[in-house]
Amino acid sequence: MKAMMANGVRSARILAVFALGFTALMAGAYWLTRDTVLRNEAEARASQIRAVLPVGSFDNDLLADSRALPAADSHRLGVDDAAHVYLARKTGKTVAAVLESVAPDGYAGKIALLVAVDRDGRTLGVRVVTHKETPGLGDYIEAAKSDWIRQFEGKSLSAPAPDRWKVRKDGGEFDSTAGATISPRAVVRAVKNTLEYVNENRQKIFE
């Protein structure tokens with residue numbers, strides 16, 4: 001019995017040593033790669049933001065020139081935590097704002113967006129950042145799979161008129177694919193909501 005207990009204690013100690021060693025290795029690997037991972041994440045985010053702005057339209061660091069919006073404003077844009085706004089500047093002048101926005105009513109859940117708006121309230125570009133829409137059906141809202149998202153470029157709350165901010169199936173301005181209208185409906189509403197927010201808070205955003 002004593003031999004069995006001694007073997008059990010010995011095995012437990014060996015397992016504990018292995019566990020501690022593995023934890024130390026994982027922690028070391030995390031700290032060694034942490035800066036690289038953060039840089040890669042930042043570059044990926046910057047690339048997403050650049051994609052909604054015309055080439056050559058800004059000359060500043062978009063990530064550095066950003067701020068988190070208050071909770072009420074974030075919720076207004078459909079974002080549960082803190083929505084961010086990224087300012088695009090040219091020779092020191094703010095020429096556009098890129099806002100995080102969420103369509104809460106996609107077919108399979110929330111659709112996260114980036115929406116770029118110029119000082120006159122025109123949409124410069126829109127990109128879907130994350131979504132869970134059905135592959136091959138609702139995922140044509142992605143720029144990598146379709147040009148559908150580009151139809152928002154140059155649009156504003158007056159062009160088209162507010163009551164035309166719908167998919168064509170509902171009597172609006174925007175195209176959609178037959179049999180897959182829930183996703184584009186959600187995106188159209190979210191983009192319009194973002195433009196309305198910018199219009200209501202233009203001075204706060206740009207000045």
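Two strands pair if DSSP finds at least two bridges between them. Keep that rule in hand, because strands E2 and E3 are joined by six bridges and so count as a pair. Within this pair, Arg89 has Thr94 in E3 as its bridge partner. The model is predicted.

Start with the whole chain. The protein chain has four helices and five strands. Along the sequence they follow the pattern α-β-α-β-β-β-β-α-α. The chain has 207 residues, and 36% of them count as buried. It exposes about 11,800 Å². Carbon and sulfur atoms supply 58% of that area. Now take contacts between residues at least 6 apart in sequence. Of these, 49% join residues at least 24 apart.

Next comes the sheet. Its five strands lie in the order E1-E2-E3-E4-E5. The sheet is open, and the pairing is antiparallel. Which strands stand at the edges? They are E1, residues 66-68, and E5. Each has a single partner strand, so one side of each is left without a neighbour in the sheet. Neighbouring strands are turned by 25 degrees against each other on average, direction ignored.

Walk across the sheet from E1. Three bridges join E1 to E2, which covers residues 84-90. The two strands run antiparallel. Here Ala68 stands opposite His84 in E2.

From E2, step to E3. These two strands also run antiparallel, with six bridges between them. They form a hairpin with two residues between the strands. In that hairpin, Thr91 takes a positive phi near 50 degrees.

E3 then pairs with E4. Nine bridges hold to the antiparallel sense here. One of the facing pairs is Val102 with Ala112 in E4. E3 and E4 also form a hairpin, again with two residues between them.

Is E3 enclosed or open to the outside? Ten of its 14 residues are buried, so E3 is largely enclosed by the rest of the structure.

Now turn to helix H3, which spans residues 182-200. It has 19 residues. From its first C-alpha to its last it reaches 27 Å, close to the 27 Å expected at 1.5 Å a residue. Its buried residues include Ser183, Pro184, Ala186, Val187, Ala190, Val191, Thr194, Leu195 and Val198. An α-helix has 3.6 residues a turn, so residues three or four places apart point the same way.

What do the buried residues of H3 pack against? Their partners are helix H2 (71-76), strand E3 (93-106), strand E4 (109-118), strand E5 (123-130) and helix H4 (202-206).

Helix H1 runs from residue 2 to residue 50, and Ser47 sits in it.

The last stop is the aromatic rings. A pair of aromatic rings is described by the distance of the centres and the angle of the planes. The whole structure holds five aromatic pairs. One of them joins Tyr140 and Trp148, with 5.9 Å centre to centre and 90 degrees between the planes. This pair is edge-to-face. Tyr140 has a relative accessible area of 10%, so it counts as buried. Trp148 is buried too, at 7%. Trp165 and Phe174 form a tilted pair, with 4.9 Å centre to centre and 45 degrees between the planes. Both Trp165 and Phe174 are buried. Tyr140, Trp148, Phe152, Trp165 and Phe174 form one aromatic cluster.

Gln151 lies in the loop between E5 and H3. Leaving aside its neighbours within four places in sequence, Gln151 is in contact with Phe174 and Asp175. Why does Gln151 count as buried? Its relative accessible area is 17%, and the cut-off for buried is under 20%.

How values were computed
Residues are numbered from 1 along each chain as its sequence is written. This is a predicted model: local features need pLDDT of at least 70, side-chain atom pairs count only at pLDDT 80 or more; totals for chains, interfaces and linings use all residues. Side-chain values use heavy atoms; hydrogens and water are left out. The expected span of a helix is 1.5 Å times one less than its number of residues. Buried means under 20% relative accessible area, exposed over 50%, partly exposed in between (1.4 Å probe, protein chains only). Contact means heavy atoms within 4.5 Å. Axes are lines fitted to C-alpha atoms, for helices over the stretch in contact, and angles run from 0 to 180 degrees between N-to-C directions. Accessible areas come from the Shrake-Rupley method with a 1.4 Å probe; for residues, only the protein chains shown count as cover. Rings of Phe, Tyr and Trp (its six-membered ring) pair if their centres lie within 6.5 Å; planes under 30 degrees apart count as stacked, over 60 as edge-to-face and the rest as tilted.
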